[in-house]
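This report covers one protein chain, from its overall layout down to single residues. The sequence and structure come first.

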Amino acid sequence: MGDENKELEETVGQILEKYRHDKGMLVSVLQDIQAKYRYLPKEALKQVCQGLLVPLSQVYSVATFFKAFSLLPRGRHLINVCLGTACHVRGTDKVLEKIERELGINAGSTTKDLKFTLETVNCVGACALGPIVKVDEEYHGEMSTDKVVSVLKSYT
Ligand code: FES
């Protein structure tokens, strides 16, 4: 077993301990794991099922039910391109295409270096500033294809 697995096992063990191995706290356990790793590693889910004495199928059904959980590794930064109507009429689809080209991935995926996860949303409530690209908690308004490279470069 590698160091990474050992570290994962210890961390999940501490999280299970924190919730006293209470199966009623399954969602909280998964939230803590998601917060720590930005996704739910398969090994962690197995450990949760043993630690809480719940079937793996139940762990998976909770893990797939909530949109906040991811079963695949996520990037350090989450890019949300708004495809809502107000942003769409101002050309957000071109901005999305440019980001996809720059990162070499399609919306819904994560770059190999785990730097960015790219997703789309329908309206983030800042329509007047559209097209909007939200990176983590930061809003980039009036986005254009010309701004894409500098915005991406501003994240490490
Ligand atoms: S449609 Fe993009 S912020 Fe509302």
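## Overall layout

From the N terminus on, the elements run α-α-α-α-β-α-α-β-β-β-α. That comes to seven helices and four strands. Helices (H or I, at least four residues) and strands (E, at least two) are DSSP runs, numbered from the N terminus. The model is predicted: local features need pLDDT of at least 70, side-chain atom pairs count only at pLDDT 80 or more, and totals for chains, interfaces and linings use all residues. Residues are numbered from 1 along each chain as its sequence is written, and side-chain values use heavy atoms, with hydrogens and water left out.

Taken along the principal axes, the C-alpha atoms fill a box of roughly 50 × 30 × 20 Å. The chain has 156 residues, and 42% of them are buried. Buried means under 20% relative accessible area, exposed over 50%, and partly exposed in between (1.4 Å probe, protein chains only). Of the contacts with a separation of 6 or more, 61% join residues 24 or more positions apart. Contact means heavy atoms within 4.5 Å.

## Domains

The chain is divided into domain 1 (3–65) and domain 2 (77–153). These bounds come from an automatic or database domain assignment. The C-alpha centres of the two domains lie 31 Å apart.

## Helix packing

Two packed helices are described by the angle between their axes and the distance between the axes. Axes are lines fitted to C-alpha atoms, for helices over the stretch in contact, and angles run from 0 to 180 degrees between N-to-C directions.

Helix α2 (residues 26–37) packs against helix α3 (residues 42–52) at an angle of about 150°, with the axes 11 Å apart. The two are therefore roughly antiparallel. Angles under 35 degrees count as roughly parallel, over 145 as roughly antiparallel, 65 to 115 as roughly perpendicular and the rest as oblique. The crossing of α2 and α3 is right-handed. Leu26, Val29, Leu30 and Ile33 of α2 make the contact with Ala44, Leu45, Val48 and Leu52 of α3. A crossing is left-handed if the near helix is turned anticlockwise from the far one by less than a right angle, and right-handed if clockwise.

Helix α1 (residues 3–18) also packs against α3, at about 35° and with the axes 10 Å apart. This crossing is right-handed. On the α1 side, the contact is made by Leu8, Glu9, Val12, Gly13 and Leu16. On the α3 side are Glu43, Ala44, Gln47, Val48, Gly51 and Leu52.

## Ser70 in its loop

Ser70 is found in the loop between α4 (56–65) and β1 (77–82). Is Ser70 buried or exposed? Ser70 is buried, at a relative accessible area of 11%.

A polar atom of the Ser70 side chain lies 2.7 Å from the backbone oxygen of Leu72. Leaving aside neighbours within four places in sequence, Ser70 is in contact with Gln34, Arg38, Tyr39 and Leu40.

## Backbone geometry to check

Arg38 lies in the loop between α2 and α3. Arg38 has a positive phi of about 65°, although it is not a glycine. Its relative accessible area is 32%, so Arg38 is partly exposed.

The loop between β2 (116–121) and β3 (133–135) holds Pro131. The peptide bond from Gly130 to Pro131 is cis, with omega near -5°. Cys123 is found in the loop between β2 and β3. Cys123 is not a glycine, yet has a positive phi of about 75°. At 40% relative accessibility, Cys123 counts as partly exposed.

Definitions and conventions. Polar contact = N/O pair within 3.5 Å; in protein donor to acceptor, adjacent residues only side chain to side chain.
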